[in-house]
Amino acid sequence: MRIPVIAGNWKMNLDRSAAVALARELRDHAASSSAAVGGASGGGAARVEIGVAPPFPYLEAVRSLLRGTPIWVAGQNVSHEKLGAFTGEVAASMLVDVGCSHVLVGHSERRHLYGESSDLVGRKLAAALAAGLAPLLCVGETLAERQAGKTNAVVLEQLESGLKGQEEASLGRLLIAYEPVWAIGTGVNATPAQAGEVHRLIREWLGRRFSKAFAAATRILYGGSVKAENAAELLAVDDVDGALVGGASLTAASFLKIVAACPTRAR
Ligand code: PEP
């Protein structure tokens, strides 16, 4: 059963008081709609799972506000190293220490602005798993790659490298986000047909690489200019199991409209 997930990537936005205020609004929403909002471990009826990825300095404050709610908290990035002389890096164990249960790996801004290779993304994913974090592996092609007909090849290479050496048994909490780079922060979202095509490709690949049962159970989120106005049609696509939301996750009003647009049935 795939319970839909709506996750907010706050990127390098907000200050401490705005981050805390946003978390408080999400907490209040979760409290007032506890039947429909579930956490990663929530059982029972189908529900929408919510997560947020605040900037590192605000993780602990946001996490302590959300403690006791099913809303999970994620790091936006993680080191592939355990601990040591790696100035400016954050270890997976530190994310766990401040209460994160999830972490983004391979976000396109990390790949394209900071030169993270697919191989490095794979090592980060392994570090996250080793620390007990649920990785949210982001994959997606640039506009030039799409125009050159390379979308499938790029996405498959990022999956192969990102999950290299991994066994199905360790990936029970894996989330994948298909985020076409040309759709991130541009206001131009993939059409439901474009998203559906790549989500199907990813699910078929998971079935070949792991097992059909694993492919059927793994949630694949769409990300790229998701907003209240386009969420319903994107989230209605068969293989789209939720959304990773950047800009529209920065106010509770717009983020919660996307949550409200999400079908609450598990697939
Ligand atoms: C993202 O950063 O993952 C993202 C999808 O951003 P936006 O929603 O702003 O396009």
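A cavity is a set of points on a 1 Å grid over the protein atoms alone where a 1.4 Å probe fits but cannot get out. The model is predicted: local features need pLDDT of at least 70, side-chain atom pairs count only at pLDDT 80 or more, and totals for chains, interfaces and linings use all residues. Residues are numbered from 1 along each chain as its sequence is written, and side-chain values use heavy atoms, with hydrogens and water left out.

**View 1. The largest cavity and its lining.** The volume is about 40 Å³, taken as the space filled by probe spheres set on grid points joined across faces, edges and corners. The whole structure has one cavity of 30 Å³ or more. Lining residues, which have an atom within 4 Å of a point, include His107, Arg111, Cys138, Gln158 and Glu179. Helix α4 gives the largest share, three residues. Both α4 and β6 (134-139) supply at least two residues each. Helices (H or I, at least four residues) and strands (E, at least two) are DSSP runs, numbered from the N terminus.

**View 2. The largest pocket.** A pocket is an open set of points with protein on both sides within 12 Å along at least five of seven lines. This one has a volume of about 500 Å³. Its lining counts 19 residues. Lys11, Met12, Gln76, Arg110 and Tyr114 lie nearest the centre. Helix α4 (residues 108-113) gives the most to this lining, with three residues.

**View 3. Helix α1, residues 16-32.** Buried here means under 20% relative accessible area, exposed over 50% (1.4 Å probe, protein chains only). Ala19, Val20, Leu22, Ala23, Leu26 and Ala30 are the buried residues of α1. Seen down the axis, they fall within an arc of 160°, so they line one face of the helix; the arc is that of the directions from the axis to the C-beta atoms. Their cover includes β3 (48-53), α2 (59-66) and α11 (252-261), with contact meaning heavy atoms within 4.5 Å. Ser17, Ala31 and Ser32 are exposed on the other side.

View 4. A disulfide is a pair of cysteine sulfur atoms within 2.5 Å. Cys138 is buried, at 2% relative accessible area. The sulfur of Cys262 is 17 Å from its closest cysteine sulfur, in Cys138, also too far. Cys262 is buried, at 6%.

Key. The expected span of a helix is 1.5 Å times one less than its number of residues.
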